[in-house]
Amino acid sequence: MRRGFKTEAERLAERQRAQLGLQPVDPLKIFDLAENLGVRVYSASDLVDRSALEELERLQPGAFSAATFNMPDGDTVAVYNPLSEPGRTNSDIAHELAHILLGHRLRDLQKIGGNTFFACDPEQEEEANWLAGCLLLPRPLLLREAYAKATPEAIAHKYHVSISMARFRLNASGVMMQARRSPQRRP
């Protein structure tokens, strides 16, 4: 990840949340952010038969989480997997919106064995993951929860994200270390 990106992502997330009238510690409803960005969001089961999604999941678990499409009419559409847990769905949609906010170009399409696949840029995927976390769990919110000794499970439940997202943000943002070293936490 390029130098300075994490700080830029925190600021970008703060601006997006402020446009929605949210304080840094308020929960973010990801569908509100999508609407504010003019992105239509659909469940994949609105577009294909749910049994096809279940078969894909059976064949390759986690193969499809979400995708963004630029439509010929200029609209942007995000599609998510309805088989995922709600917290994971919020993270997946936030990831797609992060690509849009960062101005990432639509990935290349590649044909392999007669099937069409999106080719992912690993750096862009990493940036989108980081910004998605900042949008859903910004640093001030994490600090407040860390000082309150909230567990990743409690944070995930309270802010409608996956437990893995809550755990990742607590650790990768440095918040847990900051809270442990704070004089407020010492007995």
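Predicted model: local features only at pLDDT ≥ 70, side-chain atom pairs only at ≥ 80, totals over all residues.
Colleague: What makes H5 largely enclosed by the rest of the structure?

Modeller: A residue is called buried when its relative accessible area is under 20%. In H5, 11 of the 15 residues are buried, so the helix is largely enclosed by the rest of the structure. Among them are Trp 130, Leu 131, Ala 132, Gly 133, Cys 134, Leu 135 and Leu 136. Gln 124, Glu 125 and Glu 127 are on the list of buried residues too.

Colleague: How do you know that the span of H5 agrees with what a helix of 15 residues should have?

Modeller: The expected span is 1.5 Å times one less than the number of residues. For the 15 residues of H5 (residues 122-136) that gives 21 Å, and the end C-alpha atoms are 21 Å apart, so the two agree.

Colleague: Why is Asp 121 said to cap the N-terminal end of H5?

Modeller: A polar contact needs a pair of N or O atoms within 3.5 Å. A side-chain oxygen of Asp 121 lies 2.9 Å from the backbone nitrogen of Glu 123, at the N-terminal end of H5.

Colleague: Let's turn to H7. Which of its residues are buried, and how do you know that they line one face?

Modeller: Pro 152, Ile 155, Ala 156 and Tyr 159 are buried in helix H7 (residues 152-159). Looking down the axis of H7, these buried residues fall within an arc of 100°, so they line one face of the helix. Their cover includes H6 and H8. Just after H7, His 160 has a positive phi of about 60°.

Colleague: And the sheet: what is the order of its strands, and what makes S1 and S2 edge strands?

Modeller: The sheet is open, with 3 strands in the order S1-S3-S2 and mixed pairing. Strand S1 (39-43) and strand S2 (66-70) each have a single partner strand, so one side of each is left without a neighbour in the sheet. From one strand to the next, the twist averages 20°.

Colleague: How do you know that S2 and S3 count as a pair?

Modeller: Pairing requires at least two bridges. S2 and strand S3 (residues 76-80) have 5 bridges, in the antiparallel sense, so they qualify as a pair. Thr 68 stands opposite Ala 78 in S3.

Colleague: Which helices lie across the strands?

Modeller: H2 lies across S1 and S3, at about 135° to S1. H4 lies across S1, S2 and S3, running at about 35° to S2.

Technical notes. Residues numbered from 1 in each chain as written. Heavy atoms only, no water. Helix = DSSP H or I, 4+ residues; strand = E, 2+ residues; numbered from the N terminus. Buried < 20%, exposed > 50% of the residue type's maximum accessible area, 1.4 Å probe, protein only. Polar contact = N/O pair within 3.5 Å; in protein donor to acceptor, adjacent residues only side chain to side chain. Arc of directions from axis to C-beta. Contact = heavy atoms within 4.5 Å. Axes fitted to C-alpha atoms, helices over the stretch in contact; angles between N-to-C directions.
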